[in-house]
2 protein chains.
Amino acid sequence: MKREASEARDAIVARIRDDTRRGASELARDAVSALPDFAELLSDDVLPEARRLARELASTRPTLGAIGGLLDHCLRELPSDRPPHAAVRYAAERTLAWAQDASERAVSHAVDALHGAKAILTHSRSSTVERVLSRLAPPARVVVSESHPGLEGHDLARHLAENGAQVDIVTDAELALVVGEVDAVLVGADAILADGSVINKVGTHLLALAAREREIPFYVCAESFKLTGGTSFEPEEHDPNELEAPEIPGIRPLNYYFERTPAKLVSIYLSDVAIEDEVELPPKRR
Amino acid sequence: MKREASEARDAIVARIRDDTRRGASELARDAVSALPDFAELLSDDVLPEARRLARELASTRPTLGAIGGLLDHCLRELPSDRPPHAAVRYAAERTLAWAQDASERAVSHAVDALHGAKAILTHSRSSTVERVLSRLAPPARVVVSESHPGLEGHDLARHLAENGAQVDIVTDAELALVVGEVDAVLVGADAILADGSVINKVGTHLLALAAREREIPFYVCAESFKLTGGTSFEPEEHDPNELEAPEIPGIRPLNYYFERTPAKLVSIYLSDVAIEDEVELPPKRR
């Protein structure tokens, strides 16, 4: 492989690996977009190398199942009747258009489900949730948790406020204190496992428990490419220095970004497909 | 009142009002200690002014019922057969000795209850919990949440680690992710209301919900002077700038420090009295 191609490959892998601010949908689209640009730099072995890069990108963030899900979709779209470079570009474009349509349908379902809600609570930042909240008419008051240490809740709050919404920012610890004041909780997902459990930013599970206790509906808005069919979940550990803990012997900071929220805590999945039919849901238990 | 006395009064009121790092037990002891020093600066109206200061101190942090509880205890101890200055000093000393004994008995109960625990999770910082954790033999691994934005969990972690404990620091959002790995959850309390609900740092309610879901015992260690008999709870709001939220129109940071955790989520109260006999517990419901 030419040096230019291998450098491009390393750059996109690093970009996906190190981006802790964007959600899984955005990263998945970025990964798919990178395939044809990478392919252009190859003179031979185009399809095998594109497939290898897709596998590498998926495995660099296994927690974020959406990345592998959308890349798999792209590989399945590869046409056999075109030259390899054109085939990769065609598959990527088809996949991005399909993902766009899936997002649009998931967002529409959520907008319908939240019609009339006066106040909505969300955690962390999801591009899908951001689109839903931006589209509600009349706009709902939004309560956003900061999502420490990345504070991506601030980015979401800024975006919504700049578009005219009233936004309350709370600490992650305040989620139980405020959940009783909203009409619904809405979160995105980085992946949905075979049992319907939802992989999302840490704090989501706490929020789901608090919502259930107060009988506030807990909605998950996510596209079907987040369905991984997976059964296990390994939490993704990030730089412990982000916690700025005292650096003395005996102290170990644990900086996990994602966690699994059980399906029994989800009121409704809002998606482009009927998620309930795609997973094996356990019996509800309250 | 002499200027010296009124300045001393203002100083102790400000100290109790503005201290967001120490827990309710420590602040309560500080408030009681201040009474005789204040009384020394008075030439007349000693007992009425001491009572007035006690009421003012209690009402400056109504959420932290321990402060009012210990001051009430002190006022009840005032002997009628001594000169006023001596009476205030006597009552304060008796009260501090009694509080010390109450703490010691609560701590002993907790140490007994946690005997053999290999890992314990706590939230925020409580002087009572700190004493329990320091006294466990063999020492347990301790998981401490940071308690953003004050980060007083860091102080607790530092203290424990300096005394030889192994301490994991987690974000508040990670509480559900880690609760399944410990043998017990142990928290303190700033007050206990008439229905047994526990006033403590925000995040405690989330932690209690997560512990219940994983069937991990949730212990509350608190002295009897934290029983306020109160039925309502007004969350104490602190400086919104602590959240460092984007300062643009439409964004409102909500910085509440304390919340109420329902009694049904408490496995056992560890105290100097049988708390269960002092409150009206609701029927347990899982």
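1. Where is the place of His115(A)? This residue of the predicted model sits in the loop of chain A that runs between α5 (84–113) and β1 (119–122). His115(A) is exposed, its relative accessible area being 64%. In sequence His115(A) and Ala137(A) are 22 residues apart, and their C-alpha atoms are 7.8 Å apart in space.

2. How many residues of chain B are in contact with chain A? The count is 49 residues of chain B against 49 residues of chain A. The size of an interface is often given as the accessible area lost when the parts come together. Here chain B and chain A bury about 4,000 Å² between them, with 61% of that area on carbon and sulfur atoms.

3. On the polar side of the interface, the rule finds 18 residue pairs in polar contact across chain B and chain A, both residues of each pair being at pLDDT 80 or more. Six elements of chain B each supply at least two residues of the side that touches chain A: α7 (152–162), β3 (167–170), α8 (175–179), α9 (204–213), β8 (251–254) and β9 (258–261). Of these, α9(B) gives the largest share, six residues. Sorted by class, this side of chain B has 27 nonpolar, eight polar and 14 charged residues.

4. Charged pairs also cross between the chains. The rule finds four salt bridges at the interface of chain B and chain A. Glu213(A) forms a salt bridge with Lys264(B), and the closest N and O atoms of that pair are 3.7 Å apart.

5. Strand pairing also links the two chains. Strand β8 of chain A, residues 251–254, runs parallel to β3(B), and four bridges join them. Within this pairing, Val167(B) of β3(B) stands opposite Ile251(A).

6. Which residues of β4(B) are buried on its two sides? Strand β4 of chain B, residues 184–187, is covered on both faces: Ala184(B) and Leu186(B) are buried on one side, and Val185(B) and Val187(B) are buried on the other. β4(B) is joined to strand β1 of chain B (residues 119–122) by two bridges, in parallel, and Ala184(B) is the bridge partner of Ile120(B). Three bridges join β4(B) to strand β7 of chain B (residues 218–221), again in the parallel sense. In that pairing Val187(B) has Val220(B) as its bridge partner.

7. Chain A has an open sheet of three strands in the order β5-β6-β9, with antiparallel pairing. Its edge strands, each pairing on one side only, are β5 (191–192) and β9 (258–261) of chain A. Two bridges connect β5(A) with strand β6 of chain A (residues 198–201) in the antiparallel sense. Ala191(A) has Ile199(A) in β6(A) as its bridge partner.

8. Some backbone details deserve a look. Most residues other than glycine have a negative phi, and most peptide bonds are trans. Two peptide bonds of chain B are to be noted here. The bond that joins Ala137(B) and Pro138(B) is cis, with omega about -5°, and Pro138(B) lies in the loop between α6 (127–135) and β2 (141–145) of chain B. The peptide bond from His148(B) to Pro149(B) is also cis, with omega near 5°. Pro149(B) lies in the loop between β2 and α7 of chain B.

9. Is Glu215(A) buried or exposed? Glu215(A) is exposed, with a relative accessible area of 64%. Although not a glycine, Glu215(A) has a positive phi of about 55°. Its place is in the loop between α9 (204–213) and β7 (218–221) of chain A.

10. Ser124(B) is not a glycine either, and has a positive phi of about 65°. Ser124(B) is placed in the loop between β1 and α6 of chain B. Its relative accessible area is 6%, so Ser124(B) counts as buried, the cut-off being under 20%.

Terms used
Residues numbered from 1 in each chain as written. Chains lettered and ligands numbered in written order. Predicted model: local features only at pLDDT ≥ 70, side-chain atom pairs only at ≥ 80, totals over all residues. Heavy atoms only, no water. Contact = heavy atoms within 4.5 Å. Buried area = accessible area lost by both parts, 1.4 Å probe. Salt bridge = Lys/Arg side-chain N within 4 Å of Asp/Glu carboxyl O. Polar contact = N/O pair within 3.5 Å; in protein donor to acceptor, adjacent residues only side chain to side chain. Nonpolar A, V, L, I, M, F, W, Y, C, P; charged D, E, K, R; others polar. Pairing = 2+ DSSP bridges. Buried < 20%, exposed > 50% of the residue type's maximum accessible area, 1.4 Å probe, protein only.
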